[in-house]
Amino acid sequence: MRIRKAHRLLSRAMAAGALGPALLACWAGFSGRPLMAQEETGGQPPATLGSAAPAAAGPALTAPPGAVRARFGLALSGGGARGLAHIGVLKVLEEMRVPIDVVAGTSMGAVVGGLYASGMSPDEIEREMERVDWGALFDDRPPRPDLPYRRKQDDSSAFIDFEFGLRSGRILLPRGLIAGQKIGFLLKSLTVRAASIDNFDRLPIPFRAVATDLADGSMVVLARGDLADALRASMSLPGTLAPAEIGGHHLVDGGLVRNLPVDVARDAGADLVIAVDVSTPFDPVESLKTLADVTRQVADMLTQDNITKQAVSADVLIRPDLAAVPATDFAAGAEALRRGEEATRAQADVLRRYSLPPDAFEAHLREVRGAPAALPTRIDSVRIEGATRVDRRVLERRIRTRPGAALDLSTLQADLSRLYALGDFEKVDYRLSTTGGGADLLIHAKEKPWGPNYLRLGLTFVNDLESDSDYGIRARYTRTRMDALGAEWRTDVKIGRDRRLTSEFHQPLDFSGVFFVAPRVSAFGQFVNLYDGDRRVAEYEPQGATVGLDAGAELDQYGEVRVGVLRGRVKAAAAIGTGNLPRFDIAAAGFTGRIVIDRLDNPYFPSQGRYGLVDLFLSRRSLGADLSYEKVAGFFSQVFHRGRHRIYVSLDGGTNLGSEVPFYDEFLVGGFGSLSGFKEGQLRGPLFGVARLGYYVRSAGLSGRFGRGVYLGGWVEAGNAWATRSEARLDNLIYAGTVGAGVDTFLGPVYLVYGHSDDGHGSLYLSLGRTSFTGTNASVFRSY
């Protein structure tokens, strides 16, 4: 069994043992109110469900025909990736012909137990777990190439990977690091054979899932409703997965109150209970090195007491040796499964007492092994509920599933993903109601409780470890859904060596969101170094403000096209250096244009995709400018991959189209990612070009507390900046090479690189928040 690696969020927040459930979160929903038994806060057992009558007193373990045999219950604990050992336990129980009549599970135990109770065989469950890409599963965001372009801008602007809400002057936080969007759809598809069953006693094997009521900490036993909802509720790891809402209750991980639900299995009708404990043992004190280690150990202590009390009441206790399987390491799933098999075989002498004769066990399997339910042949109606801020017509234009069409789960998943990608919803899920051969589709879109106004923060830093540095604190405030068409007001602020304030109002012109107008204002102040050869002779400080109006079209997931006009005023003087450099105070005005295509799967360390940009600025006296000139800049990058290895090519260039560009608006070359052996802006001119070929490899992963991965690599470049077209020749190119390391962190990309050119220039750079995959050398007047 080969299972792909888990997502960083689990490492960030999961406590092993009782909190291990974070494995598969799912589907919080809007199904019918389930029947629940709830434990009193004081620790009394939950009220009797009344949906499973206890067996007659004193039944035999195995019985002759006509006699009543004992009902065997299975209690499966939580434990994260260690819970995959439950699959191995089930395999061996079936090999030994031990019938299971009742299943109770917590967290990961609820997931495996619920799938088994729905009629899946252990082999089927194993195959489904092998197919899961755990890293992607625990990242709610759709693949970046599938995001609308405006959401890609949020993802590629050097902001911390966290979104705050802002309302009435208060900062609001999400209820979990993820909402379980992808997990929900996965569990919904895995439980499709039970989609029409709302009473868990009517499953092939009666089933109970355990959750915790967030309101008072009491135990909640789920016996009715949507099976996927129950599994999602049982494993809603507090702080990592948002609570599940069922029947007016906010439910979180059941491991907090009953990580090994032996008593729940008995209350559901089991005479004898086989308990499987895969929780995490305490770590040695000397191994507790960090705050996270201590927090995890304390969480284990809080849950261990309820495990111990339940374990002693089990008739058979199976504890696989899972010391080598961390609760977050789903890549070790095959090992966990093998350990589950070994631990069960070690109990063979006891378990054989519960075996049925071969014919009787085959009859039992035929009874409980349900065939996958047939999907509805058609969709009779499609409804959307839950969205109050987003106009229904905006959502309907993004749904491909239509009334009268056959249900296609892949199309439906794409529909949900498109709605979720809008950025307005905490989760988007669905429910099917059968209508005699067909089905009514209800899509439930739950809006973000911390929306609709969002705040993003970020840091940027570049230092050549000698004399040059650029640093800044960034903030982006976005007000969304300001009208029915989906208007957004976005304001960016950067404070540091360079300062900038930009505000744009993006107004779609119809419900499709394709065409838009965008008035904008910008104010900036920055520093530009001037060099005479290798000597910095001055530092110029341009300052200015502009207003503009753009119109354009958003190309959905691909990019954007816009044209516009701009007016403003810019002045500058030497801040440091020689006093004979000219001061200027000029009126700026002109036409602008931009085409962007963004298909990268990651803006900082992409494994595949492409990025293209053409940027135009036409300064015109007819619009009020002091000077007329033209600038066109372009950038293109393409990334290829094979396994952990990435190769990329990029081209970066600009031209003055034969016009006379003033020196303050010339193209700048040099610095991090652009002939890195030179200082930033050391080469300048009205024309430039740089070609780049690079390679890097993902050399290591990181704990989720720090980032996604470590990369090693480098690139070679050829390019220059020229004053005239006649100088732009192949024999006038500068060649450079760069090697270094990068880390994809929670704060943004961090690079430490060294660049060296063929004429002896060399520089070492430490950078945070910069990338060489989406940049270009555009005009100083650009504000987006």
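Guide: We start with residue classes: Ala, Val, Leu, Ile, Met, Phe, Trp, Tyr, Cys and Pro count as nonpolar, Asp, Glu, Lys and Arg as charged, and the others, Gly among them, as polar. This is a predicted model, where local features need pLDDT of at least 70 and side-chain atom pairs count only at pLDDT 80 or more, while totals for chains, interfaces and linings use all residues. Residues are numbered from 1 along each chain as its sequence is written, and side-chain values use heavy atoms, with hydrogens and water left out.

Visitor: Which strand gives the most to the lining of the largest cavity?

Guide: Strands (E, at least two residues) and helices (H or I, at least four) are DSSP runs, numbered from the N terminus. β32 gives the most, with 5 residues. At least two lining residues come from each of β31 (687-701), β32 (707-722), β33 (734-745) and β34 (748-757). By class, the lining has 13 nonpolar, 5 polar and no charged residues.

Visitor: How do I read α3 against α8?

Guide: Two packed helices are described by the angle between their axes and the distance between the axes. Axes are lines fitted to C-alpha atoms, for helices over the stretch in contact, and angles run from 0 to 180 degrees between N-to-C directions. The axes of α3 (residues 108-117) and α8 (residues 227-234) come within 8 Å and cross at roughly 160°. α3 is therefore roughly antiparallel to α8, a term for angles over 145 degrees. Ala 110, Val 111 and Gly 114 of α3 make the contact (heavy atoms within 4.5 Å) with Leu 227, Leu 231 and Ser 234 of α8. These residues comprise 4 nonpolar, 2 polar and no charged.

Visitor: Which residues of α2 and α4 meet?

Guide: Ile 87, Leu 90, Lys 91 and Glu 94 in α2 meet Pro 122, Asp 123, Ile 125, Glu 126 and Met 129 in α4. This contact has 5 nonpolar, no polar and 4 charged residues.

How values were computed: Parallel < 35°, antiparallel > 145°, perpendicular 65-115°, else oblique.
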